[in-house]
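Please open the model in a viewer and keep the selection panel at hand. The stops below are given in the order in which they may be selected.

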Amino acid sequence: MQASQLTHTLSFRLDIETGGGDDLQTGCLEARRIRNEANRLDKDGWEWTNLKSTVVDNADHVKNTSQLIVDKALGEIERYHDHTDDGWGRPYPYKDGMYPLVMNHGEGYRLFIKDEDTVRFRITATRGTHVKGELRGSPGHFDRLRTAFSNDEWRVGTAEVVHKHDERGLHVTVTHENHHVAGQHDSETIVGVDVNEDCVALAGMDRDGDVKDSVVLEYPEIKEQRHEFFTKRKRMQKANQTAFETVVKTEERDYVHDCLHKVSRQVVDWVSQFSTPLIVFEDLKDMRDSIDYGTRMNRRLHSLPFAALQDMVAYKAAWDGIPSTKVDPEYTSQRCPRTECQHTERANRRKKRFKCRQCEFQDHADRKAAVCVGQNWFDEQHGNVPSLETLPRVKKVRRAASGRGGATDSHGAIFASGVDRHGTSAQGGIQAREELKSVASALQD
Ligand SMILES: [Zn+2]
């Protein structure tokens with residue numbers, strides 16, 4: 001049984017006051033040099049203990065930081081070697097972009113909790129060079145950071161300085177000492193997750209690739225409310241009412257945050273029906289880095305805090321001992337899930353309907369995407385996807401009816417596999433909203 005400690009990664013932006021972004025860049029370039037040096041020596045057949053001490057001795061970082069960077073590099077090289085037999089023909093993993101600066105708290109970096117809203121940082125960019133300033137980030141991540149500092153059961157661990165376009169970020173890990181999460185290799189059910197601006201689709205598959213159960217959790221009110229907030233803010237911008245605009249912004253953020261908390265709880269509850277599940281998300285980082293994922297993907301990325309929803313699900317799941325992971329999101333929305341077909345074309349999808357142009361297989365587009373996310377995980381694990389012949393019926397759950405409470409399903413006719421509905425009856429918009437508030441406050445971490 002391979003289990004890991006309960007560890008979360010909190011991400012912040014760095015608001016730099018002393019020292020410069022250039023110093024951090026120099027630090028990351030030195031990290032990259034260390035990474036590539038480890039590669040080179042490994043290729044030359046060096047024994048790893050020897051390799052590690054040699055690279056660390058010659059690095060321009062504090063010792064502890066150099067050791068962590070070499071550990072990260074060796075971990076990547078090890079994974080590379082593990083997969084060389086798969087015949088993927090991947091290039092030897094040299095890095096030409098930035099490489100993260102990995103540091104231990106108290107050694108390479110230090111955080112200082114000042115007050116309610118202020119956390120300051122000090123990072124040793126290279127030996128003897130310090131960069132200082134304040135962290136910026138979401139309230140949820142600040143809460144968890146404060147908990148990690150004030151509660152004995154939590155430990156603030158390593159952090160990585162990352163470069164994203166022109167911004168510098170800090171990813172801080174916090175670990176719960178006594179809580180363990182199951183290892184993903186023990187999982188009997190693989191749950192693919194497809195997040196959209198109006199729903200999240202889940203598909204639980206067994207190790208043979210058969211879908212055991214699937215569900216589409218709908219939350220159209222988030223999209224509607226965000227649209228209303230958007231209009232409100234635009235009106236205020238026109239009237240130059242910036243103070244009110246900030247109030248609306250906060251109101252919107254809190255509203256969305258509350259909704260996402262409740263949705264994420266529902267996701268974890270659904271996943272918990274399986275005995276040893278693994279939650280598989282699409283890696284949003286991969287989406288953002290690639291240029292052409294089409295307008296749908298771009299809209300998805302900008303229209304909802306998807307990362308926040310994934311994060312909340314992963315967090316709540318981890319508390320229940322359920323592991324989660326991320327896979328390359330390639331073609332999850334366009335690919336036919338039938339193993340013998342796999343036809344991939346943008347035209348396969350039209351709004352919420354998926355119809356394969358080649359084999360005419362039909363399904364709810366988001367549910368099918370969730371199945372494809374699961375399949376991408378199988379593909380990454382074993383290099384092949386188990387055969388999928390049939391899919392069970394689509395179940396849709398509308399969390400809070402939006403005014404039309406329990407109205408008939410306007411999409412009903414297009415689902416080849418039929419539609420079940422739960423939770424829509426006798427649930428008016430107001431009641432649902434109130435329920436949402438109370439659940440959201442109960443869920444505050
Ligand atoms: Zn097909």
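Two residues are in contact if their C-beta atoms, placed from the backbone, lie within 7 Å. Axes are lines fitted to C-alpha atoms, for helices over the stretch in contact, and angles run from 0 to 180 degrees between N-to-C directions. Helices (H or I, at least four residues) and strands (E, at least two) are DSSP runs, numbered from the N terminus.

The model is predicted: local features need pLDDT of at least 70, side-chain atom pairs count only at pLDDT 80 or more, and totals for chains, interfaces and linings use all residues. Residue numbers start from 1 along each chain as its sequence is written.

**The whole chain**

Of its 445 residues, 34% count as buried (20 or more other C-beta atoms within 10 Å of a residue's own; 12 or fewer is exposed, and in between is partly exposed; C-beta atoms are placed from the backbone). Among contacts in the protein with a separation of 6 or more, 69% are between residues 24 or more positions apart.

**Helix 10 and the sheet 13-14-15**

Select residues 365–382, which form helix 10. This helix lies across strand 13, strand 14 and strand 15, and runs at about 95° to strand 15. The three strands make an open sheet in the order 13-14-15 with antiparallel pairing (two strands pair if DSSP finds at least two bridges between them). Strand 13 (349–350) and strand 15 (362–364) each have a single partner strand and stand at the edges, so one side of each lacks a neighbour in the sheet. Strand 13 and strand 14 (residues 353–355) run antiparallel and are joined by two bridges; R350 has R353 of strand 14 as its bridge partner.

Y331 has a positive phi, near 60°, in a residue other than glycine. Q342 lies in the loop between strand 12 and strand 13 and has a positive phi of about 60° although it is not a glycine. Both residues are partly exposed: Y331 has 18 other C-beta atoms within 10 Å, and Q342 has 17.

**Helix 5 against helix 6**

How are two packed helices described? The description consists of the angle between their axes and the distance between the axes. Select helix 5 (residues 220–238) and helix 6 (residues 242–271), which pack at an angle of about 170° with their axes 9 Å apart. Helix 5 is therefore roughly antiparallel to helix 6 (the term applies to angles over 145 degrees; under 35 is roughly parallel, 65 to 115 roughly perpendicular and the rest oblique). Helix 5 contributes I222, Q225, R226, F229, K232, R233, M236 and Q237 to the contact, and helix 6 contributes F244, E245, V248, K249, E252, Y255, V256 and C259. These residues divide into eight nonpolar, two polar and six charged (Ala, Val, Leu, Ile, Met, Phe, Trp, Tyr, Cys and Pro count as nonpolar, Asp, Glu, Lys and Arg as charged, and the others, Gly among them, as polar).

Stay on helix 6, whose 30 residues reach 43 Å from the first C-alpha to the last, close to the 44 Å expected at 1.5 Å a residue (the expected span is 1.5 Å times one less than the number of residues). Its buried residues include Y255, C259, H261, W270 and V271.

**Strand 8 and its partners**

Which strand is largely enclosed by the rest of the structure? Select strand 8 (residues 189–195): six of its seven residues are buried, so the rest of the structure largely encloses it. Strand 8 runs parallel to strand 11 (residues 277–282), with four bridges between them, and I190 stands opposite L278. Strand 8 also runs antiparallel to strand 9 (residues 199–205) over six bridges, V193 having L202 as its bridge partner. A hairpin of three residues connects strand 8 to strand 9.

Select strand 4 (residues 118–126) and strand 5 (residues 129–136), an antiparallel pair with six bridges. R122 has K132 of strand 5 as its bridge partner. Two residues lie between the strands of this hairpin, where G128 takes a positive phi near 85°.

Finish at helix 1 (residues 21–43), with 23 residues. Buried residues in helix 1 include L24, E30, R32, R35 and D42. Just after helix 1, G45 has a positive phi of about 85°.
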